[in-house]
Number of protein chains: 2
Amino acid sequence: MKKKREGKTTSKIFDDHDHGMCFDDAIEQIENYFLKKNLQFTPLRRKVFEILIRDHKPLGAYEILEALGRDGFSSSPPIAYRVLDFLMEHGFVHKIQGLNAFIACSHPNHSHSPAFVICRKCEKVAEIDEKKSGISFASPNIKNFEVEKTTVEMTGVCTTCSSAATI
Amino acid sequence: MKKKREGKTTSKIFDDHDHGMCFDDAIEQIENYFLKKNLQFTPLRRKVFEILIRDHKPLGAYEILEALGRDGFSSSPPIAYRVLDFLMEHGFVHKIQGLNAFIACSHPNHSHSPAFVICRKCEKVAEIDEKKSGISFASPNIKNFEVEKTTVEMTGVCTTCSSAATI
DNA sequence: CATAACATGTTATAACATAACACTACCAGT
DNA sequence: ACTGGTAGTGTTATGTTATAACATGTTATG
């Protein structure tokens, strides 16, 4: 394995929601959304989403595949990538470019341009609002260019990791 | 090839600098920087930088390797990745995460957090200032987290591509 | 029930990236 | 000059991430 993605520790910014609640809510929200949009929330799609929302940390496609395999699903790469693409299209999953990994959306009811804070030591990731981040997309439209999608990732070290150890 | 990276067309935002000038200036700037910092601007490093600044478009590591091979350098993967890492450390090259590609820095004299505008049709990329982008990092520091590096990429369609064809 | 659209399965391979080690050149201290 | 350290490059092998292409199954609909 190139990286471990274990997530030993935790910093405040990463803990501002009730995760048990988040899980149930998230499942309900995605169910409602799919119903409303007449999309199929198939067992495979449900499983992939559950794997992601359960851990609520970024998982690589091949980690998701392993989990699928353990749960009796097919685990050849296109399976994961297709479902992930689908869930991303509808905003329930985001890709963390800096980690080549995928994470369940923390704010599925907003139509938002997500921003992520990534600890390079514990690899915990928080999805944040523009407001909280101190970042602001005052006008996401640039002259002569129509922006369709924004990627914003902030990498650094969380308090817990920085206080815990030698850099 | 998975992708072509041809860059057929052009939109205003992508053309706001004199590229001939940019090339010479850039070489001079990097030379001065290396001199000042007592770093070696070796033939290999120079060549990689030239390849990138010459095209001034994002190139994949393996495209750079091909170019190195054509110019008589070794072209095994670590060669490119090592030099690219080195040039990135010093801010002369950036990685475009959305394309798994590398591009020479357009503003090497700023110490900046670059932002990129990427046309998903022609794959042209522009590096922009915070100000021009309408984006602003009002306070890149987040409570309980020290941001070391930001990734900002805006993907969409440039005017030329959108006016040229059916979406 | 035909058929179109969608979903999943499978094989193979492409594209991207790093580990580990070898070799050379150069410089500093003795 | 010898020694040892550092930096740069070269090489082999392999690890990791992602997609193409095609087959099969499943569902909704006329």
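Modeller: Contact here means heavy atoms within 4.5 Å. The model is predicted.

Colleague: With that cut-off, which residues is B:Phe145 in contact with, leaving aside its neighbours within four places in sequence?

Modeller: The partners of B:Phe145 are A:Phe14, A:Val117, A:Ile118, A:Cys119, A:Met154, A:Thr155, A:Gly156, A:Val157, A:Cys158 and A:Thr159. B:Phe145 itself sits in strand S6 of chain B.

Colleague: Is B:Phe145 buried or exposed?

Modeller: Buried means under 20% relative accessible area. B:Phe145 has 5% relative accessibility and therefore counts as buried.

Colleague: How should I read a nonpolar core, and how many residues has the largest one?

Modeller: In soluble globular proteins, nonpolar side chains tend to be buried together. In this model the largest nonpolar core has 31 residues. Those with the most contacts inside that core are A:Phe145, B:Phe14, B:Val117, B:Ile128 and B:Met154.

Colleague: Which strands each supply at least two residues of this core?

Modeller: In chain A they are S3 (115-119), S4 (125-128) and S6 (145-158). In chain B they are S3 (115-119), S4 (125-128) and S6 (145-158).

Colleague: What is the order of elements in chain A?

Modeller: Chain A has six helices and six strands. From the N terminus they run α-α-α-α-β-β-β-β-α-β-β-α. Of the 167 residues of chain A, 44% count as buried. As for contacts in chain A between residues at least 6 apart in sequence, 58% join residues at least 24 apart.

Colleague: Now the helices. How is a packed pair described?

Modeller: By the angle between the two axes and the distance between those axes. Take H2 (residues 43-55) and H3 (residues 61-70) of chain A: the angle is about 120° and the axes are 10 Å apart. H2(A) is therefore oblique to H3(A). Their crossing is right-handed.

Colleague: Which residues make the contact between H2(A) and H3(A)?

Modeller: H2(A) contributes A:Leu44, A:Lys47, A:Val48, A:Ile51 and A:Leu52, and H3(A) contributes A:Ile64, A:Ala67 and A:Leu68. By class, seven are nonpolar, none is polar and one is charged.

Colleague: At what angle do H3(A) and H4(A) cross?

Modeller: The axes of H3(A) and H4 (residues 77-89) of chain A cross at roughly 110° and come within 9 Å. Angles of 65 to 115 degrees count as roughly perpendicular, so H3(A) and H4(A) are roughly perpendicular to each other. On H3(A) the contact uses A:Ala61, A:Tyr62, A:Ile64, A:Leu65 and A:Leu68, and on H4(A) it uses A:Pro77, A:Ile79, A:Ala80, A:Tyr81 and A:Leu84. The contact of H3(A) with H4(A) has 10 nonpolar, no polar and no charged residues.

Key
Residues are numbered from 1 along each chain as its sequence is written. Chains are lettered from A and ligands numbered from 1 in the order in which they are written. This is a predicted model: local features need pLDDT of at least 70, side-chain atom pairs count only at pLDDT 80 or more; totals for chains, interfaces and linings use all residues. Side-chain values use heavy atoms; hydrogens and water are left out. Axes are lines fitted to C-alpha atoms, for helices over the stretch in contact, and angles run from 0 to 180 degrees between N-to-C directions. Helices (H or I, at least four residues) and strands (E, at least two) are DSSP runs, numbered from the N terminus. Angles under 35 degrees count as roughly parallel, over 145 as roughly antiparallel, 65 to 115 as roughly perpendicular and the rest as oblique. A crossing is left-handed if the near helix is turned anticlockwise from the far one by less than a right angle, and right-handed if clockwise. Ala, Val, Leu, Ile, Met, Phe, Trp, Tyr, Cys and Pro count as nonpolar, Asp, Glu, Lys and Arg as charged, and the others, Gly among them, as polar. A nonpolar core is a set of buried Ala, Val, Leu, Ile, Met, Phe, Trp, Tyr and Cys residues joined through side-chain atoms within 4.5 Å. Buried means under 20% relative accessible area, exposed over 50%, partly exposed in between (1.4 Å probe, protein chains only).
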